[in-house]
Amino acid sequence: MDNALCRLTGAEFPLFAFSHCRDVVAAVSRAGGFGVLGCSSYGSHELEAELAWIDAHVDGKPYGVDILFPATQSAAPGMTMDDFSAAIPAGHVDFVVDLLDWHDVKIRPDEVIRQRVPPTAPDEAERLLDIALRHPIRLIANALGVAPPLMIERAKAAGVPVAALVGTKEHAIKQAKAGVDIIVAQGGEAGGHCGDVATMVLVPEVIRAVAGLGAPPVLAAGGIVTGSQMAGAMAMGAQGVWTGTVWLATSDAETSPVIREKMIAATSSGTIRSRARTGKPCRLLDSPWHTAWNAPDAPKPLPFPLMPLICVPALNKTLRAAEAGVEGAFKLATYESGQGVGLIESVKSATAVVQDFKQEFAEAFEQFLTQVGV
Ligand SMILES: Cc1cc2nc3c(=O)[nH]c(=O)nc-3n(C[C@H](O)[C@H](O)[C@H](O)COP(=O)(O)O)c2cc1C
């Protein structure tokens, strides 16, 4: 394809694949799509190793990175792990221990808090940015609010286009004014952090809103798992699509088999928008984890980035127990997933998913031409 977005990023087929898994990123880019590595769970050394691996396996095809770089910092520079731990009330730790216990998963109070400074802490996010810019990335994305000037300036100086995820028209206007090159209009169907405006409404609304602000290319995101949906989004004026959930169910992804099984079984009603994973509204597979945190007598989820610190060890333990056959743990297990999960029927390779997208896109396009009588 040949549109402004493809020229800007080097994508052959503008199917952008967000994944935390380097294998998915490289496979999608090799197949003609555009892999984007989510860096939220990597420390600096790990990110360097992941990007070096992608460079060696991507056959020179373009790829990008996504860094959680908040514009306003929820953590002060230099905060240590002790500072983060001290901000977590004992009642929250006890609640996690009990919640797991009700589902036959054991966790000690001293295991509840993840011992790692959140990567969104300002100095850590900046370190990740420096590392990413030393690699031949063709896009850098930011999910948390307006990309800070530091990120935009450094990326532009390195000739790397900046993308930003938005869930409302107002956010899109702020991003376009801040100078981002690509807007990802992510509807409330999406897996992970999301707003509540549906993709079908948000995409044309955002395109219209940024038309007079340099008209940056807009990618449609949220609930998109097929090539026909991609064709629909592009018929609305999007220059491509940005996807996440569909790659979690691929054989290339590091997703737990438990989550894959739950994803294949889930319908589009099987997800929930909940604060009980990161402290921000986030769409995940529904499970008793969310029911428990939403109960009137439960402690309120902590603000981001504290909530992930008490969720990661507990949910990882839950997954390991579910993989070992503990029934309560299987029920409790949850993971970021969008409503498009209802359209995922089997586990395929990431390469096969890109091929399916291309074929379904072509078929949808043909069907459209037939319907309009061309
Ligand atoms: C498991 C998972 C984790 C995610 N983490 C991030 C993240 O760290 N940064 C980000 O910009 N978007 C993140 N997202 C959102 C994706 O970038 C993408 O916008 C979203 O998945 C698109 O909707 P879909 O899941 O319906 O395809 C995540 C999505 C999923 C499914």
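**Aromatic pairs and the ligand shell**

Modeller: The structure holds 6 aromatic pairs (rings of Phe, Tyr and Trp, the latter by its six-membered ring, with centres within 6.5 Å). This is a predicted model, where local features need pLDDT of at least 70 and side-chain atom pairs count only at pLDDT 80 or more, while totals for chains, interfaces and linings use all residues. Residues are numbered from 1 along each chain as its sequence is written, and side-chain values use heavy atoms, leaving out hydrogens and water.

Colleague: Nice. What kind of pair do F13 and F361 make?

Modeller: Their ring centres are 5.9 Å apart and the planes meet at 85°, so the pair is edge-to-face. Planes under 30 degrees apart count as stacked, over 60 as edge-to-face and the rest as tilted.

Colleague: And where do F13 and F361 lie in the chain?

Modeller: F13 is in the loop between α1 (4-9) and β1 (15-19), and F361 is in helix α16 (residues 350-372), 348 residues apart. Helices (H or I, at least four residues) and strands (E, at least two) are DSSP runs, numbered from the N terminus.

Colleague: Is F13 buried or exposed?

Modeller: F13 counts as buried, with 7% relative accessibility, and F361 counts as buried too, with 14%. Buried means under 20% relative accessible area, exposed over 50%, and partly exposed in between (1.4 Å probe, protein chains only).

Colleague: How many degrees are there between the planes of F16 and W242?

Modeller: There are 15° between them and 6.2 Å from centre to centre, a stacked pair. F16 sits in strand β1 and W242 in strand β9 (residues 240-243), so the pair ties together parts that are 226 residues apart in sequence. F16 is buried at 0% relative accessibility, and W242 is buried at 5%.

Colleague: Which residues form an aromatic cluster?

Modeller: F95, W102, W289 and W293 form one.

Colleague: OK, on to the ligand. Which residues come nearest?

Modeller: Those are D66, Q186, G223, G244 and T245, out of 19 residues around the ligand (a heavy atom within 4 Å).

Colleague: What does the side chain of W242 do there?

Modeller: An N or O atom of the W242 side chain is 2.9 Å from an oxygen atom of the ligand, a polar contact (N or O atoms within 3.5 Å). The side chain of T245 has an N or O atom 2.5 Å from a ligand oxygen, and for G244 a backbone N or O atom lies 2.8 Å from one.

Colleague: Which elements each supply at least two residues of the shell?

Modeller: β9 and α11 (245-248) do.

Key
A polar contact is a pair of N or O atoms within 3.5 Å; within protein, one must be able to donate a hydrogen and the other to accept it, and residues adjacent in sequence count only if both atoms are side-chain atoms.
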